[in-house]
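Please read them with the structure open.

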Amino acid sequence: MCIVFGGGIRVAELNLLQEKILSDGVIRPGNVLKVDSFLNHQIDVPFISELGKEFKKLFGDRKVDKILTIEASGIGIACLTAVYFGVPVVFAKKSAGSNMDKEMFATEVMSYTHNRKNHVVVSKKYLKPGEHILIMDDFLANGCAVSGLLDLVKQAGGIVEGIGICIEKGFQGGGDALREAGYDVRSLAVIEKMDAETGVITFR
Ligand code: 5GP
């Protein structure tokens, strides 16, 4: 475990992303971490590309045919990881459509940040039976977004090779539930605790 104070007292070596979270992240009430300056609004492409390289190291021994993510904020990290795997990215789209569309796989995802249910879809053209899929997202909190993506891969008859996450909020339990269910979840930074008032962030 590594405890770090927003003001700068460090008790362990930090990785690239942990450093960046401390320098640029803003803790908002409601357990929301804003990282808009490099990941979620403005994208620091060389920096995110370094994270992509990390994911290639972590999952490089797997057969990966495609990376699957969800719009919008997973797309950046998925694309900058896909460059190193040399594979396409498919992103699940939020849609107003109904489950009746025969050309699409569809599922429901509860949005953590917007507190509403989204209907999300992927065309059957882009997820095929037997494909090996790496699921990726920017954040993992309760696990709803990843569970929706898992459902889409299951509907398509694909094989989930792993789940790559930039920032996991470990205290919300989604990541550990997925690990217990047998998925290989790798997160570049796992936050164990964060406090909006003091600015203290504790990494796992
Ligand atoms: P989950 O579905 O695991 O509860 O939440 C993950 C999704 O919600 C991610 O796709 C991410 O976009 C969003 N999210 C969850 N927590 C945070 C957060 O603290 N900050 C930001 N920026 N997005 C979050």
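1. The space that the ligand takes is the largest pocket. A pocket here is an open set of points on a 1 Å grid over the protein atoms alone, where a 1.4 Å probe fits and protein lies on both sides within 12 Å along at least five of seven lines. A molecule sits in a pocket if more than half of its atoms lie within 2 Å of the grid points.

2. The elements giving two or more residues to the shell around the ligand are β3 (32-34), β8 (132-140) and α5 (144-156). β8 supplies the largest share, 4 residues. Helices (H or I, at least four residues) and strands (E, at least two) are DSSP runs, numbered from the N terminus.

3. This is a predicted model: local features need pLDDT of at least 70, side-chain atom pairs count only at pLDDT 80 or more, and totals for chains, interfaces and linings use all residues. Residues are numbered from 1 along each chain as its sequence is written, and side-chain values use heavy atoms, without hydrogens and water.

4. Of the 17 residues around the ligand, Leu33, Asp137, Ala141, Gly143 and Lys169 come nearest. A residue counts as near if one of its heavy atoms lies within 4 Å. By class, the shell holds 8 nonpolar, 6 polar and 3 charged residues. Gly counts as polar, and Asp, Glu, Lys and Arg as charged.

5. Check the polar contacts (pairs of N or O atoms within 3.5 Å). A side-chain N or O atom of Asp137 is 2.7 Å from a ligand oxygen. For Asp138, a polar side-chain atom lies 3.4 Å from an oxygen of the ligand. Ala145 uses a polar backbone atom, 2.8 Å from a ligand oxygen. The protein covers 91% of the 510 Å² of accessible area that the ligand has on its own (Shrake-Rupley method, 1.4 Å probe).

6. Two backbone details deserve a look. The peptide bond from Glu71 to Ala72 is cis, with omega near 0°. Ala72 lies in the loop between β4 (66-70) and α4 (75-85). Asn31, which is not glycine, has a positive phi near 60°. Asn31 sits in the loop between β2 (26-28) and β3.

7. Overall, the protein chain has 6 helices and 11 strands. Its C-alpha atoms fill a box of roughly 55 × 35 × 35 Å along the principal axes.

How values were computed:
Polar contact = N/O pair within 3.5 Å; in protein donor to acceptor, adjacent residues only side chain to side chain. 1 Å grid on protein atoms, 1.4 Å probe; cavity = no way out; pocket = protein on both sides within 12 Å on 5 of 7 lines; lining within 4 Å.
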